[in-house]
There are 2 protein chains.
Amino acid sequence: MELVEICRQAKEASYLLGQLDTGTKNRALLAAADALENNSNQIIAENNKDMETGETKGMPPALLDRLKLDEGRIRQMAEGLRQIARLDDPIGEILSMKKRPNGLMVGQKRVPLGVVGMIYEARPNVTVDAFGLCFKTGNAVVLKGGSDALHSNIAITSVLKGVLADCEIPQEAVSLIEDTRRETAASFMKMNEYLDVLIPRGGAGLIRAVVSQATVPVIETGTGNCHIFVDETADQNMACEIILNAKTQRIGVCNACESLLIHQNIADSFFPVLAKALQEKNVEMRVDSQIMQILNRDDSVHTALINPAKEQDWGTEYLDYVISVKTVSSVDEAIRHINRYNTGHSEAILTDNYANAQRFLNEVDAACVYVNASTRFSDGFEFGFGAEIGISTQKLHARGPMGLNALTSTKYIIYGNGQVRP
Amino acid sequence: MELVEICRQAKEASYLLGQLDTGTKNRALLAAADALENNSNQIIAENNKDMETGETKGMPPALLDRLKLDEGRIRQMAEGLRQIARLDDPIGEILSMKKRPNGLMVGQKRVPLGVVGMIYEARPNVTVDAFGLCFKTGNAVVLKGGSDALHSNIAITSVLKGVLADCEIPQEAVSLIEDTRRETAASFMKMNEYLDVLIPRGGAGLIRAVVSQATVPVIETGTGNCHIFVDETADQNMACEIILNAKTQRIGVCNACESLLIHQNIADSFFPVLAKALQEKNVEMRVDSQIMQILNRDDSVHTALINPAKEQDWGTEYLDYVISVKTVSSVDEAIRHINRYNTGHSEAILTDNYANAQRFLNEVDAACVYVNASTRFSDGFEFGFGAEIGISTQKLHARGPMGLNALTSTKYIIYGNGQVRP
């Protein structure tokens, strides 16, 4: 089907989807979970085609791993839909209702966005996830997944569409753009007449491309050059544990710590201890000259994994066993450095000083700002939303981990009895 | 100054502006109000230059009227700033704070957007308005006003900057782009590094241009092809009053009614009465064939101001003494027609039927949906916000009349005591 026709039909369907009652939506989600499991052989067979092409093309192992589906992963995807079915339905909630002096009742009601466009890489689990979250919030979703996962995505969406048909719900609740040409993606990003929002999910390059080409409103997700600032009053044992967790608990994620700022008054005592712990985890440290001087004085630390930092290190999201380390003279310098180099994701101060903690929380410009905790908690599940469509690093509409509410808008509803404006 | 330098300095200033306390902001707003009044002669002298050029260029009278400043209008602008000073400061409010099972306290706090870019036409009052609203919400604002108002805007911003300097507040809280070249406007819309949002204010052409060119997130404001549906159970006297109000109380505004849907079962009795009332106000009616047939049977209505509607009439925002009129067979047909042709602004049903009222409120896709009231109430002041930066017709971030809250974002603040992610 032509792109414009796909989007037009999604818009048409969205009017009906927004009116579905919660029970109907939940039954469809549970049926979709069962259907994915019951059709896992067929989905895996199609996924194998993508895997073979990927291997032939020499796709890197990490990407092949994200592409791969097996029984266990299909069960996880199904479980995700069951979880979404259990969440409260945000649609229809009245957020406020106030009476004006002229008697008008002005209320604000939560409604679906309408049609959500998703652009993502070769990760078939996002196909199921995006459908589940958008469907629960009464939105139609139009998917543009990575072409390397096309067979998998066709198989998955065909199972989902079958379930929708069985439930007598418009199948256009989920649509897949099968045309993999670049110009089709470009047109998709300009479908303002039919799309209400575009959500890109993937690496920095994908997100930049969408932000620069799209005329449809975009929610920017993702990149995280996250800092931890170890203030001079920090509990140093706690600091070691938090830094190890934020850097190494999972390295390829946007809320992992990429850069460390250490108050110069404790660098001497703290850095050698930390460096040993990071070395045990095979983390390369790219350090400023002050840290280098400390190391020159202290021969208890191997210098194998320690290199001088270059200017570009302060702005790099490594997503790897690498961390940049810089000394600072004050909380002011830490805040200025972070506001210059961060990507607006997650930032932490480790301190025992009340005033510094408050200044950091107030003045650091990021979606999530922490005192004495690991940046790895920036996550919809950890924040208690029960689901996550991504982590927004922009300030408009949604900022930080996005749960179901981020996929909703509001409308004003006004009850009158003949009021006219004087 | 170069555009990029203006934006960079605005970003730099925004960090300080976000930390100003409410008292400081209010004192500056009140001082700015006084300064505008005290410098009115100079502002009017500069405005006269713009007016003379405008007259020479043959600017239409309506635009010249919007451009013109006099003592009274400057007093109004100053009064606007005093009103903004009296409003509650939304910045710093904690919207929620919850304890997670691991002891983390996760809160959400209202913060400024950062740097707001405004693109507007030759209306110097928007210069003062935008400064006041952005400043109260801790944002820096960068203004790109219509080139026909350049002298006026330079005079106004210079007064505002003087006040900021006196109050020891960064003057970059307000900046004016004086370079009127088209390519400068185009670059401005792509300053993603420094701008957090762009708000275009003006006609449909200006807004379309910004939406299609900008890479900075945009809040779309403005165009309103607003409908009123007169259901068969409507109180017909009330309906007449509401329609006259919505169409003629002020014609050039986005919340004025442009199109009328009348249930076919009452068109016979209702339309002739309404038509006479609209004719008295000199409103041209563009009507469908069913209405034409009614008129052919009823010779009590002059046909002078009545013409057959063309397809394009259903999608036209006239902003004039013109209204399109169509009969429909049901609330379903009314909802379908509105969802096809409206611009997502304000829509009303006039009815005495509970189920139809609820269906209209639920199913019409617009920022503001009314039962038994005039669409002219879609306005930040009428909704009780005390101020308005525009009316959003998009679904992301803010929808409907936007008060101070629309100029804010949120950040998550997380208090821990050593939590790491397992």
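Predicted model: local features only at pLDDT ≥ 70, side-chain atom pairs only at ≥ 80, totals over all residues.
**Where the chains meet**

Chain A puts 57 residues into the contact, and chain B puts in 57 residues too. On the chain A side, the elements that give two or more residues are α9 (204-213), α10 (236-248), α14 (354-363), β13 (368-373) and β16 (408-419). The top contributor there is β16(A), with 11 residues. Sorted by class, this side of chain A has 25 nonpolar, 21 polar and 11 charged residues. The copies meet through the same surface, because 100% of the interface residues of chain A are also interface residues in chain B.

What does β16(A) pair with across the contact? Its partner is strand β13 (residues 368-373) of chain B, with five bridges between the two, and they run parallel. For one spot to look at, take A:Ile414, whose bridge partner in β13(B) is B:Tyr370.

**A sheet that crosses from A to B**

Now for an open sheet of 10 strands with mixed pairing. Its order is β10(A)-β9(A)-β11(A)-β8(A)-β7(A)-β12(A)-β13(A)-β16(B)-β2(B)-β1(B), so you can follow it from chain A into chain B at the step from β13(A) to β16(B). The edge strands, β10 (306-308) of chain A and β1 (94-99) of chain B, each pair on one side only. On average, and ignoring direction, neighbouring strands in this sheet are turned by 20 degrees against each other.

| Strand pair | Sense | Bridges |
|---|---|---|
| β9(A) and β11(A) | parallel | four bridges |
| β1(B) and β2(B) | antiparallel | five bridges |
| β2(B) and β16(B) | antiparallel | eight bridges |

A:Val287 has A:Val325 in β11(A) as its bridge partner. On the chain B side, B:Lys98 stands opposite B:Val106 in β2(B), while B:Met105 is bridged to B:Tyr415 in β16(B). β1(B) and β2(B) also make a hairpin, with five residues between them. In its turn sits B:Gly103, which has a positive phi of about 95 degrees.

Helix α12 (residues 289-297) of chain A lies across β9, β10 and β11 of that chain, and runs at about 95 degrees to β11(A).

α10(A), which also gives residues to the chain contact, packs against helix α11 (residues 264-280) of chain A at an angle of about 35 degrees, with the axes 10 Å apart. The crossing is right-handed. Which residues make this contact? From α10(A) come A:Gln236, A:Ala239, A:Cys240, A:Ile243 and A:Leu244, and from α11(A) come A:Phe270, A:Val273, A:Leu274 and A:Ala277. By class, that makes eight nonpolar, one polar and no charged residues.

Technical notes:
Residues numbered from 1 in each chain as written. Chains lettered and ligands numbered in written order. Contact = placed C-beta atoms within 7 Å. Nonpolar A, V, L, I, M, F, W, Y, C, P; charged D, E, K, R; others polar. Axes fitted to C-alpha atoms, helices over the stretch in contact; angles between N-to-C directions. Left-handed = near helix turned anticlockwise from the far one by under 90°.
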